[in-house]
Structure formats: C-alpha cells, structure tokens
Amino acid sequence: MEHKHFVTFNQEHFIGFTCFETSISYHFISKTELSILRIDVCFFGSSNNSKKTIVFQLENPVKDEISGLKEFLTDLFSYSGNLHGNPWFVESEMISEKEFYKIKKQGGKRMDERKNKNKVSDQNHPLIIYCAEQNLYPKPEDHSPHSWKANCPSGRQHHIMISTSSPEEHLWGCGYCKKKGGIEELKQWIESKKENIEMKNELAETQKSTISAGEKFSEELKNLPYSTDKIGQGFVIHIPQPQRDDKKNNK
Ligand SMILES: [Zn+2]
C-alpha cells in the first residue's frame, strides 16, 4: 500500500527545544477509513524513533480525502498522549500553515470539551464523592481527562493522585506515603487515622483526669492535721508522734 505525504510538523519540548519531527502520510481506503503512516524522528537519540501504520476510522463518511485528513489531524491533536511536545508546522502540499494552526486549535478545543464532559461525569465517581465527604477537596487535573488530586489523608502537605479511569484496585496513590489502592483501601486508611486520633484524644482525657485527681488529692492533704512535703511527683506525710500523758497512763 503506497502512502502519500500529508504533513510534516516538528514538536517542541516544553522548555523550548525541538525534540521530534513527525511526518504523516496517508492512503485513502474509503470514505470512512484512512490508512495513516506516521514516522517520528527524535533529535536526541534514535532509539526514540518510531514508524507505524494505523487505520483511522472516521465517525462520519467524508466527501473527499482532504476532509478525512483534516479530521484525522484534529483527532490527533485532541489527545495529548499522541504528542511528544508542542507541534509546529514544517511543510505540507495539502494544507497551508494557517490551516495547520487552525486544526491544532480545534484539536485543543476538542480535548477541552472531552475533559469537561469527563470531569462532569467523574464528579459522580464513588471515589470522588467519598473524598469530598471526607473533606479531602478533590480537584480535577488538567493534563489528562480522568486525573484528579485530593488532599492526602496523612494530613501532610501533599496530594494523593486519582485516576478515575483506572481499574478499581489502582484508583489512587500517594508517592510520599507509599500507599495506593481502591476505595476500600482509602476507607481503611482514613478509618485507621480516625481511630488513632480518637485514641490520642482518649489518652489526653485520661491524662487530664489523672492530673486533676492528683490536684484534688494535694488539696485534701493540706486540710489534714499533718504537715506534708512535696518531693518530685509524690508527698511525704509527717505524722506527729502521739503526745504521751504519763500521768494518765500510770493510773
Ligand atoms: Zn501522602
């Protein structure tokens, strides 16, 4: 199957250097299918180079190749996982530079719409609801449609990461606390935290009542007809020797 060149674009790393050149070629199979050949050349290490062919399914039949290719490119730009960096136009015999950037913008818009849609439906995800109930303030993250973060139940100043699209047992994780799991694991962790806090509170109450009992005891000692000396935490009670009345005893 012979592929014809469609477009070449470079990708710029977020700190500002060009990291990849991507060339897209196509073969028009039908009004709903395009064969796409994508070649990625990395400027830093050929081990990152890749060449692959995919069949792109169009949702709606297109009237001609160029409509199909524009739809493919919009779709490509609408998933950040499809890119290594920020794309910029190099060459094409089929679309102008201006059209390229218009398509890129549309792709970005589609990405945002998808994210917003997912975020709205994610708000009803049991883990997000549970985090909100526990006052962990779950917030959506921008970089991927199902990513959220919430305050870490450890109470320390960092977040747990949540991915609502992950399988049940890998929904959340905290790299600092080295903990991860599903809803049950999070519940167990939070419950054990609460138990710890309750135990500490109980201990504090016991200490308080021990101290107040001690204070009460030392008040009572003052009213006794004995003199007392405080030594450290304790008391020495001086009990006076009974006075002998020799005369009486002799009777
Ligand atoms: Zn943590």
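First, two notes on the model. This is a predicted model, in which local features need pLDDT of at least 70 and side-chain atom pairs count only at pLDDT 80 or more, while totals for chains, interfaces and linings use all residues. Residues are numbered from 1 along each chain as its sequence is written.

**The sheet**

Five strands form an open sheet in the order β4-β3-β2-β1-β5, with antiparallel pairing. Strands here are DSSP runs of E with at least two residues, and helices are runs of H or I with at least four, numbered from the N terminus. Two strands pair if DSSP finds at least two bridges between them. The edges belong to β4 (50-57) and β5 (86-91); each has a single partner strand, so one side of each is left without a neighbour in the sheet. On average, neighbouring strands of this sheet are turned by 25° against each other, direction ignored; the axes behind such angles are lines fitted to C-alpha atoms, and the angles run from 0 to 180 degrees between N-to-C directions.

| Strands | Bridges |
|---|---|
| β1 (residues 4-12) and β2 (residues 18-30) | eight bridges |
| β2 and β3 | ten bridges |
| β3 (residues 33-42) and β4 | eight bridges |

In β2, Y26 is the bridge partner of K4. The hairpin of β1 and β2 has five residues between the strands, and G16 takes a positive phi near 110° there. From β2 to β3 the chain passes through a hairpin of two residues, and S30 stands opposite E33 in β3.

**A look at E12**

E12 lies in strand β1. It counts as partly exposed because it has 16 C-beta neighbours inside 10 Å; a residue with 20 or more other C-beta atoms within 10 Å of its own is buried, one with 12 or fewer is exposed, and partly exposed lies in between, with C-beta atoms placed from the backbone. P87 is 75 residues away from E12 in sequence, yet their C-alpha atoms are 6.3 Å apart in space.

**Helix α3**

Helix α3 (residues 126-133) has L127, I128 and C131 buried. Seen down the axis of α3, its buried residues fall within an arc of 100° (taken from the directions from the helix axis to the C-beta atoms), so they line one face of the helix. The face turned away from that buried side carries the exposed residues P126 and E133. After α3 comes N135, with a positive phi near 60°.
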